[in-house]
Amino acid sequence: MQTTVEEKDGMILATLDGEMDTAAAMEAEQILSPLYKSNGKDVIIECEKLEYIASSGLRILLSILKGAKLNGSRVVLRHVNEDIKNVFSLTGFINIFDFE
């Protein structure tokens with residue numbers, strides 16, 4: 001799995017590429033750790049190339065959302081495929097995240 005984070009146009013853009021299984025989630029969490037304190041900048045998580053997400057990946061995204069909201073930021077999941085969106089639906093996370 002490849003994970004990148006960059007600041008762009010006043011927001012933070014994270015890109016998830018591949019399968020976020022339990023092993024990959026540990027590495028991704030380190031790379032995504034700056035998103036926990038977004039300092040008022042909106043967070044966009046690009047999921048176009050995300051193929052799979054395990055519960056550990058969902059936990060990371062939920063932690064990012066909680067931290068961002070505390071800092072007055074918005075978190076948007078962009079280009080989520082139907083399989084991943086189904087996982088969000090089954091877990092009830094579909095109602096707490098913004099999707100584009």
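Two residues are taken to be in contact when heavy atoms of theirs lie within 4.5 Å. The structure described here is a predicted model.

The protein contains three helices and five strands. Along the sequence, these elements follow the order β-β-α-β-α-β-α-β. The radius of gyration is 12 Å, close to the 13 Å given by the globule rule for 100 residues, so the protein is as compact as a globular protein of that length. Along the principal axes, the C-alpha atoms fill a box of roughly 30 × 25 × 20 Å. Of the 100 residues, 39% are buried. When contacts between residues at least 6 apart in sequence are considered, 69% of them join residues at least 24 apart.

The accessible surface of the protein amounts to about 5,600 Å², and carbon and sulfur atoms account for 48% of this area.

The loop between helix 1 (22-32) and strand 3 (43-53) includes N39. Most residues other than glycine have a negative phi. N39 is not a glycine, yet its phi is positive, at about 50°. The residue is exposed, with a relative accessible area of 63%.

N39 is also among the residues touched by S73, which is placed in the loop between helix 2 (55-70) and strand 4. With a relative accessibility of 8%, S73 counts as buried, since the cut-off for that class is under 20%. Residues up to four places away in sequence being left out, S73 touches S38, N39, G40, K41, D42 and A68. For one of these residues, G40, the backbone nitrogen lies 3.3 Å from a polar atom of the S73 side chain.

A positive phi also occurs at H79, which is a residue other than glycine; the value is near 60°. H79 is found in the loop between strand 4 (75-78) and helix 3. Its relative accessible area is 42%, and H79 is therefore classed as partly exposed. Apart from neighbours within four places in sequence, the residues in contact with H79 are E46, C47, E48 and E100. The contact with E46 includes a polar contact between the two side chains, at 2.9 Å. H79 and F99 are 20 residues apart along the chain, and their C-alpha atoms are separated by 7.7 Å.

Both ends of helix 3 show local features. At the start of helix 3 (residues 82-91), a side-chain oxygen of N81 comes to within 3.0 Å of the backbone nitrogen of D83. After helix 3 comes G92, which has a positive phi near 85°.

In summary, positive phi values are found at N39, at H79 and at G92. N39 is exposed, whereas H79 is partly exposed.

Notes. Residues numbered from 1 in each chain as written. Predicted model: local features only at pLDDT ≥ 70, side-chain atom pairs only at ≥ 80, totals over all residues. Heavy atoms only, no water. Polar contact = N/O pair within 3.5 Å; in protein donor to acceptor, adjacent residues only side chain to side chain. Helix = DSSP H or I, 4+ residues; strand = E, 2+ residues; numbered from the N terminus. Rg over C-alpha atoms; globule rule 2.2 N^0.38 Å. Buried < 20%, exposed > 50% of the residue type's maximum accessible area, 1.4 Å probe, protein only. Areas by Shrake-Rupley, 256 points an atom, 1.4 Å probe, with all protein chains shown as cover.
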